[in-house]
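Subject: Structure handover

Dear colleague,

Please find the structure below. My notes on it follow.

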Amino acid sequence: MPKPSDFAQANIDAVVDQLTTDEAILLTAGVGFWHTHGVPRLGVPPIKVSDGPNGIRGNFFFMGTPAKCLPSATALGATFDPELLEKVGEHLLAPEAKLRSASVALAPTCNIQRNPLGGRSFESFSEDPYLNGIIASAYVNGLQRGGIGACIKHFTCNDKENDRMGSDSILSDRALREIYLLPFMLAQKHAKPWAFMTAYNRINGTHCSENTYLLQSILRKEWGFEGLVMSDWFGVYSIDHALNAGLDLEMPGTNKWRTLDLMNRSVGSRKITVRTIKERARKVLELTQKCAQGAPQVLDGDGSEKTRESDEDKALMRSVAAASIVLLKNEDNILPLKVDSGKKTKVAIVGGNAKAVVLSGGGSASLKPSYFISPYDGIVNALPEGTEVLYAEGARAYMQLPTLEYDLVTPDGKPGWIGSWYSHTSDDSMEPISQPFKEQLVDETRCFISVDSPKGLTKRYTLRLKGQLKPADEDREFEFGLCSAGRAKLFVDGKLVVDNWTRQTRGESFFGSGSTEERGRTRIAAKHSPEIFVEYCNVRAPADGDEDEALMDSNPGLRLGGVVVKDEDEMMAEAVKLAGEADVCVCVVGLNSDWETEGYDRTTLALPQRTDELVEKVLKANPNAVVVTESGSAITMPWADTAKAIVHSWYLGNATGDAIADVLFGKVNPSGRLSMSFPKRIEDLATYGHFTSEHGKIRYGEDLYVGYKHHHHRKIAPLFAFGHGLSYTTFSYTNLKLSKPSFADNDVTVTASVSVTNTGSVSGSEVVQLYVTLPSGSDGGLTHPPLQLRAFSKVRDLGPGETRAVELSLDKYTVSYWEERIGRWVVEKGDYLIRVGPSSDALLLEDKLTLDKSFEWNGL
Ligand code: BGC
C-alpha cells in the first residue's frame, strides 16, 4: 500500500508532465484554511500549514489544541542568541508542528518596527535589520533541521496594520534594500526558508502578491530562491497579475481567485499561460516533496492535533523566556531581590498585569496555551515559606473586559460552559430549529469560531452558550462585555444584560469583522451562582451607518468578558497602601493582546488608563519598588527617573511568571538586550507624523533612519537605547583588534577580536555589539546612518574575574550600501569606523578599518 510520504521519492518532472491543466490549477490554491490540494491519482498528498510565529497553533482558532507559547519575537530578538534560537526551532517548534500534524510553520515574521505603534510590532525580531535577519536565520535553520518548513513572512513592508490591504508603502530603493528586505535576504543567505509569504500591502504602487520586481527580480533571480511563494490569507487581488508575477499559491482556499472557471477563461483570453500555471504548480509539488522528506510521519499520520509537555521542554521554555528579559535599570542593586526565609517578609505584588493572562500579542500569532504561569504565581512560587504576600490590582489595564473561562462552570462542575449549535430552518432563514445539531463543552469565552463551526450546519446558524458564574462571598455589581462578529445577546439569570443583537457598532475585533464591546451591569448576590446565557447568530446586526446584515463567512466569533465593578480611586489607594507597608514591592504593569494585535495599530505609547499614575504613586509610597513591564514593543515610562529598578519582560509565553521570578530573585542573571529603542515620547519616533496611511499612501520619509539610527543621528536621546540591558555583574572591554582585510570572490573578510572581562562578583553573560560607520564616499558624499549594527556575539556564563576573547566575523555585508543608480551593492575603499560595546549608546572601543579596494556585488 503506497504511503503519502512516498512522494518523497517522486520524480517531479514526470508528475508535472502528467498534470492536467485543471489539476495544475487546483494545486495553485489551497483547500480550506490550512491545506494544499492533493492529486491522489499521481500520489501527491496535501500538506498542512500552521501559524506561527510564537508557537504552532494548529488548525483551530476555536477550541484550539493547547500548545506551547514561546516568547514574542521581540523577546527572542532580545536574546541576541542565534544558538539558542536554533535550539528553539529544532527542539520546541519542529516537534510542536509535528504534534499539530503540520508540515510548514507560517513563521518567522521579519518585518521591521518602523514605528512601535504597529499592531504586530511584537511579532518581528527587531527594528534592526541585521539582528532581525540573523535571529530569523537561526529560527529557520532550527525549524528546518527538525524537518518542518519555514514560511518567512510578510514579504515585505507590512510594517503597520491599519489599511494593510490597501496601503502603499512609498520608499526609496535604498531603504527597501538596506532596511526592509535585509532580514529576508540574510535568512535566504544563511537558512533558505522553504517558503515566503507575501505581504498584504503595496510597495511603490504594486501589491506585493503581484510585484514582479519583488518576486522575480529580487527573490528568484538575485537571491536564487527556489522555494514556494504563498499569499497572505486573502492577500490575492487578481488572477493574471499575481500568477504572472510569481505567486505560486493562493491562500486560503478553496480557490477564491484561482477557480477552474476563472483560470481557464484567463488562459483562453491569453492573460496567463498553462506553462506558467504548471511552473507555479511545480513549486507546490516541490514543497510537498520537501515536507515528505523532512517529516514523513506527518504526512503518513492521521492528521490529528495533540499536546505534549515534558519537564525538559518546560525547562527550555522557561530558560528562553528568562534569557529574553531585559534589566533596564537597577540602582542601588535593588535587584536581585533578597527575601530571607528566616524573617517574616511582607511582599506586595501590585499592578494590572500581575494576575492577568498576558502571554502573547493578538491575532494570528495567538494560541491556546498548554499552561500559563502568571507573574503573580511565578513570584509567589519563588518566595520562601512564611512570606506574607499582599496583592492589589491598583489600576485596570485591559481594553476589553477580561475573558471569563476561569470563572464559568457547567452544571456538572467542569470549567467553561456548554455550547449548543443549531441549524436554521433554511440557509437564509433567521429561525433556528428546535433540536440542537451538536452540543459541546466550550472552555473559552473568546470564541473565534472562524471556519471551525461543526460541518453540516446551515449557512446561517445559532450558537447558544450556557454556564454558571462561580459564586463569591460578597454581594457584587458585575459588568459584562460582549463583542461579536455576528450578533449576540447576554442574559444573566434570564434577564437581558447586553444587547449586541438588535443594533451594533462596528469595531475592530475578529480581524476587523467584529462589533465594539457592548457592556452591561447587573447585581449578583453573595453566594449566588447566576446563569450566564449567550445567544449568538453568525449574521451581523444592523449598525448605524452600515445597515448591512451580512453573513460572517470566515471570521464569525463572539467574546464574553466581565469584572466586578470597583471604584478606581479605591483600587489605586489600596495598591499604594500595600506598596507602602511592604518590605518588598513588585509592580507588574503593561499591555496585552488587545492593545497589541494584528488588525489595528496602537494610538499611543503610554501604558493603559491610569497605569502610569499607579506606578508613580507606588514608587512614591515605596521608592524601592521594582517595576516589571510587559509589552511586545516599546512603551513610554514617564516615571522611569524615579524607579530604581525596571525589568522589561516582553510577552513571555507559558513560562512568563517563572521566568520573571528567575530574574527577580537572581536565579538567572539577566542577559537580554533591547531589540528596539524605547523612546521618551511619541514625538521622538522617526516616523512621527508620517506613520499612517493617508489616502492609501504611507511615506517612509525617515528613509534609512529607523529606530536607533534616528535617535543617534538626530541626537534625540531615547529612554532606553537599542541594545541596552544590564546584568547583575559588570563587564569591561579591552583589546579591540581588526585583522587585515582579505579580498576574495567579490567579498571581503575581516575578524574583529575583543576581550571581555567579568569585573563583578557573579557569573553572567554579555552581548558584545559591533557597529560600523561607512565612509561618506568619493562621489559627492553619500549619507549613511552613522551607526549600524553589523555583528554581535553572546558571551555566555563568564565567571567573576574571567576574561574571554571574542571574535566577530565581518564580511561584505558589514561594509556595503545599496547604490540606487546602478542597482547593486557597493563596497567603497576608504576608512570605516568600527565601534564595539555593550549597547548602541555605550560603545567603549573603536578602531579604523581601512579598505584599499572597492567592489560591487549582486545576489547574496
Ligand atoms: C496573517 C498571517 C497568518 C495568516 C494565517 C493572516 O491574517 O497576516 O501572518 O499567517 O493570517 O493565519
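The crossing of α14 and α18 is right-handed, a term for the near helix being turned clockwise from the far one, with left-handed used if it is turned anticlockwise by less than a right angle. Elements are DSSP runs numbered from the N terminus, helices being H or I of at least four residues and strands E of at least two. This is a predicted model, in which local features need pLDDT of at least 70 and side-chain atom pairs count only at pLDDT 80 or more, while totals for chains, interfaces and linings use all residues. Residues are numbered from 1 along each chain as its sequence is written, and side-chain values use heavy atoms, with hydrogens and water left out.

The axes of α14 (residues 375–382) and α18 (residues 656–664) come within 7 Å and cross at roughly 50 degrees. Axes here are lines fitted to C-alpha atoms, for helices over the stretch in contact, with angles from 0 to 180 degrees between N-to-C directions. The two helices are therefore oblique to each other (under 35 degrees is roughly parallel, over 145 roughly antiparallel, 65 to 115 roughly perpendicular, the rest oblique). On the α14 side the contact (heavy atoms within 4.5 Å) involves P375, G378, I379, N381 and A382, and on the α18 side T656, G657, D658, I660, A661 and L664. By class, this contact has six nonpolar, four polar and one charged residues (nonpolar: Ala, Val, Leu, Ile, Met, Phe, Trp, Tyr, Cys and Pro; charged: Asp, Glu, Lys and Arg; polar: the others, Gly among them).

Nine nonpolar, three polar and three charged residues make up the contact of α4 with α5.

Next, the ligand. It is surrounded by 13 residues, of which D51, R120, H154, D232 and E598 are the closest (a heavy atom within 4 Å).

Some backbone points remain. M251 and P252 are joined by a cis peptide bond with omega about -10 degrees, and P252 sits in the loop between α9 (240–245) and α10 (260–268). Another cis peptide bond joins L335 and P336, with omega about -5 degrees; P336 is in the loop between β11 (326–330) and β12 (346–350). F234 is not a glycine, yet has a positive phi of about 65 degrees.

Regards
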